[in-house]
Amino acid sequence: MKRRNFLVAGALGTAGVAFFGAKSLYSYDVFEEERKFIVPPLYEGEIKDGKRVFNLNLQKGEMEFFKGLKTETIGINAPFLGPTLRAKKDEFIKVNIKNSLGYDSTIHWHGFELPAKMDGGPHQIIKNEAIWSPEFVIKNRASMLWYHSHLLHQTGAQVYKGLAGLFIIDEDESTSVNLPSEYGVDDIPIVLQDRNFNNDGSFRYVSSMPEKMMGIHGNYVLVNGVIAPTLKAKKRLIRFRILNGSNARYYLLGFSDHRKFKLVGSDGGLLEKPVSLNQIKLAPAQRVDIVVDMSDGKDVALKSYKGALKQSRGMMGMMMGGMGFDMEFDLLKVESKGAKSSSAEVPSDLAKHPVWDPKIAVGVRNITLQMRMGMGMMSGDGGDDNFFINGKSMDMNRIDAIAKKDTFEIWKVMNKSPMSHPLHIHNTQFKILSINGRQPYPGEAGFVDTVNVDPMGIAYIMVPFRYYSDSKVPYMFHCHILEHEDGGMMGQLLVV
Ligand code: C2O
Ligand code: CU
Ligand code: CU
């Protein structure tokens, strides 16, 4: 085993030079060329027969991320990415999704508590030219969730090309709090996605063994589809709702002048109280809701700092550091010269959370995350069996876990590998009880649908299963590094 790993390290050394030559993510002033910040279009659907109806088209497109270079993409009602859908808690929504891609796809509602049949996972394939129309009542609290492709073994490739969008849920709790809330004005959604490009402008997806192993890491970061844009702030108090929509990259977000911001929400909505921070880590699929004060009129950059990735000791740590996976780079410039004063504020109490006593959980479920290291990965045997949950790779015909509706379970998530894994569970917003041997920080105490577990770390989470059951159709739980998900680190959960 030792010797095999050593051989791989040797091979990777070479690959590292070949594939990660441009390892300095912006070794120049990326803001020199000014690019406009784009707000994803808001789409609120229309009310028909008491339902809020959305019409989506999965389509092919073309973008110009670099002047004069065309990039083939896919998107939803747009060439790249999709509109921000918006609806209220307790509303009945229906989404007609037409697939015009020329190949199969799916659309999954990430973070929603919803019937398994409507979930849009690998079992709800939308064939080319077909229309799929999931409908369900929105049960989630006010929050920013998202939607994306979830086709078996193809999630990484399809999301990378552009099949993702945001979904904002409102409710009275969120509107009674006087947070900045004008979409695109002082309530600004951000989708972060890193991408690699070939010289002709086309996207370059996974092409090497280390990329399969560590997930694809791009040399450019798109902010709502634009490389390092400049946002001209309209208000002095700005709320950013940020999704890490990257396949594999972690971010340690902060501002260039280290100014503090207030964390007001996580994946599943508002925290009980705001938390003052100057940096926050965001693993793939996670969201944060932050409010920053720009009343000094200065220009600042939102950046990602070094330290986003917990380095494991030994080979993996060396590889990941050496390949530029953990660097400091700029994401977005915010100019606030012309910003107007704001009547919004961050109250000291944001929301009430129910108290979940771990004693009411029905049991502890062990989840181990593992990956194959060494020569096994180089054999190129389809790349779909190198990642495991409880020793098994994803199988559409196997149920891995059965939970009972209206119960809580404690999941003990053990990472037995040298990489961090963000574990995501469908159809639930859970709470972290402990993580990597410590209590969750106040900023981690909210509702989440994804928990990051560091190398050899353990997370205890308290997971509710509510509202829906189905004895046949499973939900997924998986690592949200999409190359790991596609590589088998996914299991199937029935809620009965
Ligand atoms: Cu973001 Cu299984 O999904
Ligand atoms: Cu999901
Ligand atoms: Cu993983």
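Reader: What does H148 touch, leaving out residues up to four places away in sequence?
Author: H148 touches T106, I107, H108, H110, T155, V159, L163, A164 and H480. A contact here means heavy atoms within 4.5 Å.

Reader: Before I go on, what am I looking at, and how is everything labelled?
Author: This is a predicted model, where local features need pLDDT of at least 70, side-chain atom pairs count only at pLDDT 80 or more, and totals for chains, interfaces and linings use all residues. Residues are numbered from 1 along each chain as its sequence is written, chains are lettered from A and ligands numbered from 1 in the order in which they are written, and side-chain values use heavy atoms, with hydrogens and water left out.

Reader: Ok, back to H148. Buried or exposed?
Author: H148 counts as buried because its relative accessibility is 0%. Buried is under 20% relative accessible area, exposed is over 50%, and partly exposed is in between (1.4 Å probe, protein chains only).

Reader: Which side chain does the H148 side chain make a polar contact with?
Author: That of H480, at 3.5 Å. A polar contact is a pair of N or O atoms within 3.5 Å; within protein, one must be able to donate a hydrogen and the other to accept it, and residues adjacent in sequence count only if both atoms are side-chain atoms.

Reader: And which strand is H148 in?
Author: Strand β10, residues 143–148. Strands (E, at least two residues) and helices (H or I, at least four) are DSSP runs numbered from the N terminus.

Reader: On to the metals. What are the protein donors of the copper ion that is ligand 2?
Author: H108 (NE2) and H424 (NE2), lying 1.9 Å from the ion. H108 is in strand β7 (residues 108–110) and H424 in strand β28 (residues 421–425), so the pair links distant parts of the chain, 316 residues apart. H108 and H424 are both buried. Donors are N, O and S atoms within 2.8 Å of the metal (3.2 Å for Na, K and Ca), and with water not among the atoms, sites may look incomplete.

Reader: What coordinates ligand 3, the other copper ion?
Author: H421 (ND1), C479 (SG) and H484 (ND1), at 1.9 to 2.1 Å. Along the chain those donors are spaced H-x57-C-x4-H. H421 lies in β28 and C479 in strand β32 (residues 475–479), so this pair ties together parts 58 residues apart in sequence. H421 and C479 are buried too.

Reader: Switching topic: which strands does β3 pair with?
Author: β3 (residues 51–66) pairs with β2 (residues 46–48) in the antiparallel sense over three bridges. With β6 (residues 92–99) the pairing is parallel, over seven bridges, and with β4 (residues 69–76) it is antiparallel, over seven bridges. Two strands pair if DSSP finds at least two bridges between them.

Reader: Last one: how many helices and strands in the protein chain?
Author: Six helices and 33 strands. Of the 496 residues, 60% count as buried.
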